[in-house]
Each structure stands twice: as structure tokens, then as C-alpha cells.
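Let's sit down with a model together and learn how to read a few of its features. Have the sequence and the 3D view open as we talk.

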Amino acid sequence: MNTIRQFEPLWGVWRTEEKPLGQGSFGVVYRAWREEFGKKYYAAVKHISIPSSETQITDAVSQGIPDDRESLRDYFSAMAQNLVKEITLMNEVKGHTNIVSYEDHLIIPKATGIGYDIIIRMELLTGLNDMLRHRQMTNKDVVKLGIDICSALEVCLEKGIVHRDIKPSNIFVNDTGDYKLGDFGVARELDHTTAGMSKKGTYIYMAPEVYRGEPANFSADTFSLGIVMYRLLNGNRAPFLPVGSAKIQPNDNENALARRMAGEPLPAPAFSDGDLTDVILRATQFDKYRRFANPTEFKQALMCVRDGIPVGRTIPVVAAPTNNSASGRSSVPRPGGFAPQPPAAGYRQPSPGFMPPAPPTMPVSTNGEDSDNGGKSVYMVTAISLLVLLAIVLITVAILSFSSGSGSAPQDDNLSYDYQSQEVLPDAQCSKLSLATQLPSAEQEETT
């Protein structure tokens with residue numbers, strides 16, 4: 001198997017330290033350095049060898065790849081090309097505060113003609129697992145981690161990338177305490193194309209639909225992040241494992257995984273509290289349609305917890321009314337909050353209707369000017385309304401006065417009104433009056 005030292009100095013100036021920083025299923029990460037004018041600069045360098053050993057070639061043949069030089073060369077060449085596409089994605093998302101910064105890479109053909117050595121240079125960070133060996137995390141730290149990784153996943157969402165490998169070994173922290181997401185697609189691509197690879201390390205954080213081989217959407221990443229946070233809040237134990245000093249037996253992990261993949265509701269994390277528990281349980285719902293729809297929703301809920309914003313509780317629309325319901329209370333939930341759930345043994349189940357409250361859109365005035373202007377506006381509107389109302393009253397009174405002054409015909413079914421004599425006449429005389437007023441007399445005709 002090739003070692004990274006045979007390629008040094010990397011990029012003409014970089015050398016690696018002898019002891020690796022970490023080693024995984026697909027490669028080894030080293031601390032690299034270069035020196036200029038007496039000052040050393042450091043970076044992280046990951047070495048991926050394809051194939052990593054003769055065993056990997058044997059596994060490829062056992063899966064149906066023809067055992068000839070050309071077929072094996074094409075097979076591992078396609079794997080390297082797919083990795084280059086993923087490295088291109090790393091280059092597109094670099095520069096974000098919460099994503100491990102990609103710097104450069106090398107692709108070196110193997111001397112045997114079958115496979116490649118891929119070397120990736122990135123910023124040097126501390127892995128989450130390494131950090132946990134030296135200090136414990138508080139609930140506040142876990143919320144900070146969740147918000148930062150959600151910010152990274154928002155970038156993935158914009159680029160159409162589903163990471164599918166969120167786990168502690170792919171989360172890093174810098175000197176200022178910012179958490180970053182790394183290994184964009186590298187492990188995922190090798191997972192798809194490498195024969196005989198074990199997934200035991202990632203099953204713990206895998207979404208049920210991914211475990212079943214179904215298409216994954218962005219909620220698969222928020223689910224995995226939720227399990228990472230759950231474990232941090234549960235004494236570094238996965239769901240359904242004994243918490244505290246209790247020993248874990250060989251079959252405990254398999255049984256816990258089977259219960260989770262069967263859809264059994266998760267118990268509350270042992271060291272979580274209040275709304276944070278509800279948020280974590282919402283993110284880790286078995287049904288992907290009951291989780292946060294995207295990383296932004298997850299992030300907003302965590303920000304509410306961070307800022308101490310109370311998360312309301314509402315009755316879901318589907319809930320049937322009970323005798324204990326207050327009269328007149330609406331069963332329609334307002335935006336935001338969880339539905340209250342009946343107490344259950346050992347776990348708390350969040351409502352599928354949770355949406356974090358929207359942030360305020362208007363800044364709060366601190367000098368009182370906005371309040372004064374608002375008060376003046378209210379007074380002006382009130383005064384104008386009173387003037388308009390007064391005008392309406394005066395006009396109405398004037399109309400009524402005019403009508404009464406000009407005389408109104410009395411309303412009686414048996415009476416008529418003689419407009420010439422202004423006398424009220426019985427109905428019997430109405431026809432005569434009508435003829436008299438309509439037809440001129442003989443004297444009038446002669447005069448005319």
C-alpha cells in the first residue's frame with residue numbers, strides 16, 4: 001500500500017508529520033506544515049488510496065467486476081472521477097464559516113496502472129471527538145453546535161447537496177469555538193462504490209429511510225444532526241442505550257438500533273431539558289414528514305432555545321375536544337409551538353405541528369420617538385373620525401328639518417291631499433280632484 005511520504009514534498013512545499021491525526025475507512029488525515037522565513041504554517045492533509053489494498057481488488061472481483069487489468073482500471077478510475085466531482089463541490093462551498101475550508105488537491109495515478117492516490121489539503125481544525133476527550137459540553141454548547149451545523153446544511157440546501165454522513169467524526173471546531181462540517185461527499189461516494197465496506201460506524205446516525213435504502217431528502221441530514229445532539233445530551237449514549245455508568249453489553253447497540261429502526265418513539269435525552277428536548281425529539285422523528293422540513297426550521301427552533309424565547313404549546317387541529325376543554329377555546333393552533341402530549345413512560349413525544357415563532361420584523365425603538373409619533377397618529381385619526389361623524393349628524397338633521405318645513409303628505413290609506421287647497425280629502429273626492437286638476441274648464445279654454 002502506498003504511503004503519503006513517497007509523494008512529499010506535497011505541492012512542492014508541504015510535509016506531513018509522522019503520526020496521523022486520524023484514520024477512517026477511506027483514508028488517513030495528517031497534520032502538514034511548510035516553513036517560510038522561519039515561520040511554520042499548518043494544514044490538514046487527507047490521503048485516500050484507491051484501491052487501498054489487494055483485498056479491495058478481490059472484493060471488487062467478487063462483486064462481478066471482470067478480473068482483468070482493463071476492467072479493474074476502468075472501475076477504479078470511475079470511482080476517482082466521482083470523487084473529483086465531490087471535491088469540486090467542496091470548492092464551491094468553501095469560504096463559509098461553518099464548512100471546513102478546502103484548499104487544494106492532487107490526483108496521482110498508481111504505478112501499477114490500477115487506481116489513484118488522492119490527496120486533499122484543508123484547514124487544520126480539531127475534531128469533535130478529540131475535543132470531547134478534553135472537556136465536556138454543556139447544553140448551551142450543544143445548541144451552538146446545532147445552529148452552526150444547520151448553517152452549513154443551509155449552504156448544502158442551496159447547492160442541492162445531501163451530505164448523508166453527519167456524524168461526530170465529520171464535525172470539527174476551530175480556535176474561536178465555531179463548529180464546522182467536513183467530508184462533503186467523500187465518504188458517501190466511497191460508500192456507494194467500494195465493495196465490502198462496513199457501515200457500523202454510521203448506522204447510529206442514519207435516518208430510517210436511508211437505512212432502508214430509500215431516496216433521502218434534506219431531512220435525512222437534519223435527522224442525523226439530531227441524533228448527534230441527542231447523543232451529546234445523553235451521556236454520549238445513543239437512544240435506548242443505558243445511561244450513566246451502566247455497562248453496555250455486546251448486543252445492546254444492535255438492539256437499540258433495531259428499536260429505533262422499528263419506529264419506537266425515542267425517550268428524552270437524559271441531560272436535556274425543556275424546549276431543547278422537544279426540538280431534539282422533533283428532529284429525530286421516525287416519520288420524515290414529521291421532522292423539520294429543512295435545516296432553516298431546525299436552526300430557528302434552536303435559536304429560540306438559545307435566546308430563551310418560550311415555545312408555545314397548542315392543541316392540534318386533529319385533536320378531539322374533551323370535557324376538560326375550556327368553553328370557547330379554539331382548537332386551531334396558532335403558528336409556532338408544540339402540541340401538548342399526554343405523559344408517557346420514559347419519553348416525551350413532540351407534536352408534528354411545531355413551527356418556531358417568526359423573528360420580529362420591526363426594530364424596537366429605544367429613544368421613544370416612535371412611541372410619540374404613534375400616539376400623535378392615534379389622536380389625529382380619532383379627531384378626524386369625530387368630525388366626520390358630527391358632519392353626518394348635522395346633514396341628517398338639516399334634511400329632516402327641510403322635509404318637515406315643506407310639509408309632508410299624511411300617510412293614511414283612506415285620505416288624499418289636495419295640493420291646491422292644502423286640505424285633506426276623503427278617497428271619494430280623490431277622483432274628482434284628479435279630473436279637476438288635470439282637465440281645464442270651459443271658461444279657461446275660452447279665456448285661452
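This is a predicted model: local features need pLDDT of at least 70, side-chain atom pairs count only at pLDDT 80 or more; totals for chains, interfaces and linings use all residues.

Q: What share of the contacts comes from residues 24 or more positions apart?
A: Contact means heavy atoms within 4.5 Å. Among contacts with a separation of 6 or more, 61% are between residues 24 or more positions apart.

Q: How do I read the packing of two helices, say H4 and H11?
A: Look at the axes, which are lines fitted to C-alpha atoms, for helices over the stretch in contact; angles run from 0 to 180 degrees between N-to-C directions. Helix H4 (residues 139–159) and helix H11 (residues 295–307) have axes 9 Å apart, at an angle of about 155°. H4 and H11 are therefore roughly antiparallel (under 35 degrees is roughly parallel, over 145 roughly antiparallel, 65 to 115 roughly perpendicular and the rest oblique). Their crossing is left-handed, a term for a near helix turned anticlockwise from the far one by less than a right angle, with right-handed for clockwise.

Q: Which residues of H4 and H11 meet?
A: Here is the general idea: an α-helix has 3.6 residues a turn, so residues three or four places apart point the same way. On the H4 side, the residues include Val143, Gly146, Ile147, Cys150 and Leu157. On the H11 side, they include Pro295, Phe298, Leu302 and Arg306.

Q: Is H10 enclosed or open, and what does it pack against?
A: Eight of the ten residues of H10 are buried, so this helix is largely enclosed by the rest of the structure. Among the buried ones are Leu276, Asp278, Ile280 and Arg282. The buried residues of H10 pack against H4, helix H8 (218–232) and H11.

Q: How do H10 and H11 cross?
A: Helix H10 (residues 274–283) crosses H11 at roughly 170°, and their axes come within 9 Å. H10 and H11 are therefore roughly antiparallel, and the crossing is left-handed. Asp275, Leu276, Val279 and Ala283 of H10 make the contact with Phe298, Ala301, Leu302 and Val305 of H11.

Q: And which way do H4 and H8 cross, left-handed or right-handed?
A: Right-handed. The axes of H4 and H8 are 11 Å apart, at an angle of about 165°, and the two helices are therefore roughly antiparallel.

Q: What about aromatic pairs: how are they described?
A: A pair of aromatic rings is described by the distance of the centres and the angle of the planes. Rings of Phe, Tyr and Trp (its six-membered ring) pair if their centres lie within 6.5 Å; planes under 30 degrees apart are stacked, over 60 edge-to-face and the rest tilted. A search of the whole structure finds three such pairs. Tyr203 and Tyr211 have ring centres 5.3 Å apart and planes at 70°, so this pair is edge-to-face. For Phe292 and Phe298, the centres are 5.0 Å apart and the planes at 10°, so that pair is stacked.

Q: Which charges sit over rings?
A: A charge sits over a ring if NZ of Lys or CZ of Arg is within 6 Å of the ring centre and within 35 degrees of the ring normal. Arg31 lies over the face of Tyr42, 4.0 Å from the ring centre. The charged end of Arg121 is over the ring of Trp11, 4.6 Å from its centre.

Terms used: Residues are numbered from 1 along each chain as its sequence is written. Side-chain values use heavy atoms; hydrogens and water are left out. Helices (H or I, at least four residues) and strands (E, at least two) are DSSP runs, numbered from the N terminus. Buried means under 20% relative accessible area, exposed over 50%, partly exposed in between (1.4 Å probe, protein chains only).
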